Amino acid sequence: MNSEQLHAARAKLPAAVFRLGNAVWNDTAETFGHEACRAALPALVDAELAGEAIAKLFPNVKHHLDRCDGCAFEYAELLDVALAAQRGALPQPDPNASPDLSFLPAQAAAPSAASSLPDRVLAWTHSLLPNLTPDVSRVLDTYAHAFFDRLAKSATLQLEPRVLREQAVGYDNFAGTWLFATYAATQDVVQHVSRAEWQSWHASAALQRRVESRARTAAEQAGISPDTAARFAQAYAAYHAARPTEMQALLSSS
Amino acid sequence: MENWKTIVENELNKHGWELAEPRAEFLERVAQSVSANGDPRTASELTLQRATVRCYCETLFEAGGAQRSAAQQRAFKELWDYLLPRALYRLHDGQMARDATQHALIKIWEKLATCSAPAGFLGWCDQILLNVVRDEFRARFEKRVTERGIEYVERNQDTYQMNGELTRDEASPPQPERKEPASDLLSDALRGPMRDALVAALHTCLENERLVQVVLDVFLEDKNYAEIARQMDTSPLNVQVMKSRALKKLRECSVLAQLYEDWSA
């Protein structure tokens, strides 16, 4: 018996019998893979602890575990420890043991006018979110850490649009998208608009229109969809039109 | 205080969790989390406890990313308190457990943005800890896995001894008390000749009633691993080991293969 014969006979076999055969003879890749399974394991463990039927709630995950030793071992191990915790059987460690948290960024001093570009971009994104997608503001800092860490590893914070698009890979969430758009738009203004020009726009009441146009272009060039770029640009421009001195502080005088 | 709020507070206090502030907002989130199933006042204690943990996971995840803040420091301290006993359970060595937990915290920090389900953040962190333990303390971890399996048997032996019921048959390994033979637990679709043929083939290939039982429970009854472990008086890890061993034997057994070929014809 091999996997081809088994799959050819699938219609003749009860589902449970097919599942057993699949676990015994089918070594080929399946549509529901290891990464998806592992990502679901915490939810599965939680359901098991509550006595819920995981085969009904998570059939794909359960059936992947039935036939994948690697994922199943990880699951059994997580479940074993969770059950031990539930029955109060985890050992008590030395109460004097404490972690070394020096790998975390040092706590911030009072805000100053000389904030860096990433700090400004993050602060502006926080300010824009109530008008865009308020629900994601709680996770923005988490994504910002990864985003700026990636940029820092690129040796420069000045990036070409192509590179910005590459950096966007993986940010298929709103928190990352707005942060990314704010960075792209701000970088565009900082690189191409002088302080004198900015002041001239403000004096002639053209600042909001100019900024919106540049922000929309910058966001689209960075790979953000036109509709999303338009929403972002409108909010971004309105913010800076109301607070022109904040961006002005970043701009070159030449 | 209303009873449901007391349950939430007790769950937070049990773990020493201090970041659920402002409290009214956190309680509102817990209430909304259970409100799809009804008023939080009518939710069961277990439902409220689970909702509290889920909501606190989100709080912890957010605080973990709140750079340069006291909340971030507190979040990682609470992660240490949560993970260290688990590392100690897995390694049974204080220094190794502290080292593993420290390494896990750094990896959690590095990978924080990749957590796709903040409501399961603590489970995600435990997965990272498990990977650190397996990668960096493999020999010690594997020895502990074996020890934990034996502890299950010994714990049951102690129970039987206390009740004065220890017999040679019960001592190793303890046999579960089942109301029906394993082969009678198959679903209706598998009754009759197909059932009999499958059970016979499994017995021929596996030569071990417990391995037959695991195969039937996992694949044909689709049971939870925790449930199987409870019924067999063993650990989920041992259930997985038995399942893996059974599949290996079945792959090498021509009797089962012939049976499937006959069914497929």
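Predicted model: local features only at pLDDT ≥ 70, side-chain atom pairs only at ≥ 80, totals over all residues.
Let me begin with the cysteines. Over all chains the count comes to one disulfide, and that disulfide joins B:Cys205 to B:Cys253, with a distance from S to S of 2.0 Å. The link between B:Cys205 and B:Cys253 is left-handed, with -70 degrees about the S-S bond. B:Cys205 lies in helix H9 of chain B, residues 193–206, while B:Cys253 lies in the loop between helix H12 (236–251) and helix H13 (254–264) of chain B, so the pair ties together parts that are 48 residues apart in sequence. Both B:Cys205 and B:Cys253 are buried.

A:Cys68 counts as buried, at 10% relative accessibility. In chain B, the sulfur of B:Cys55 has its closest cysteine sulfur in B:Cys57, at 9.2 Å, which is again too far for a bond, and B:Cys55 is itself buried, with a relative accessible area of 4%.

Turning to the core, the largest nonpolar core has 154 residues, of which B:Ile108, B:Phe121, B:Leu256 and B:Tyr260 touch the most other members. The element that gives the most to this core is helix H4 of chain B, residues 70–91, with 10 residues. If we take B:Leu256 and leave aside its neighbours within four places in sequence, we find it in contact with residues of both chains, namely A:Val24 and A:Trp25 together with B:Leu198, B:Ala201, B:Cys205 and B:Leu250.

Now for the contact between the chains, which takes 72 residues from chain A and 73 residues from chain B. The area buried between chain A and chain B is about 6,700 Å², and carbon and sulfur atoms give 61% of that area. On the polar side, there are 29 residue pairs in polar contact between the chains, both residues being at pLDDT 80 or more, and the count of salt bridges is six. In one of the salt bridges, the side chains of B:Arg90 and A:Glu77 meet at 2.5 Å, N to O. On the side of chain A that touches chain B, H6(A) gives the most, with 14 residues.

B:Arg50 is found in helix H3 of chain B, residues 45–65, and B:Arg50 is buried, with a relative accessible area of 17%. Its side chain makes a polar contact with the side chain of A:Glu52 at 2.8 Å, and, neighbours within four places in sequence aside, the contacts of B:Arg50 are A:Asp46, A:Ala47, A:Ala50 and A:Glu52.

Finally, the backbone. The peptide bond from B:Glu21 to B:Pro22 is cis, with omega near -5 degrees, and B:Pro22 sits in the loop between helix H1 (3–15) and helix H2 (23–35) of chain B. B:His92, a residue other than glycine, has a positive phi near 60 degrees, and B:His92 counts as partly exposed, at 48% relative accessibility. Phi of B:Asp233 is also positive, near 55 degrees, and B:Asp233 lies in the loop between helix H11 (225–231) and H12 of chain B.

Conventions. Residues numbered from 1 in each chain as written. Chains lettered and ligands numbered in written order. Heavy atoms only, no water. Disulfide = S-S within 2.5 Å. Helix = DSSP H or I, 4+ residues; strand = E, 2+ residues; numbered from the N terminus. Buried < 20%, exposed > 50% of the residue type's maximum accessible area, 1.4 Å probe, protein only. Core = buried A, V, L, I, M, F, W, Y, C linked by side-chain atoms within 4.5 Å. Contact = heavy atoms within 4.5 Å. Buried area = accessible area lost by both parts, 1.4 Å probe. Salt bridge = Lys/Arg side-chain N within 4 Å of Asp/Glu carboxyl O. Polar contact = N/O pair within 3.5 Å; in protein donor to acceptor, adjacent residues only side chain to side chain.
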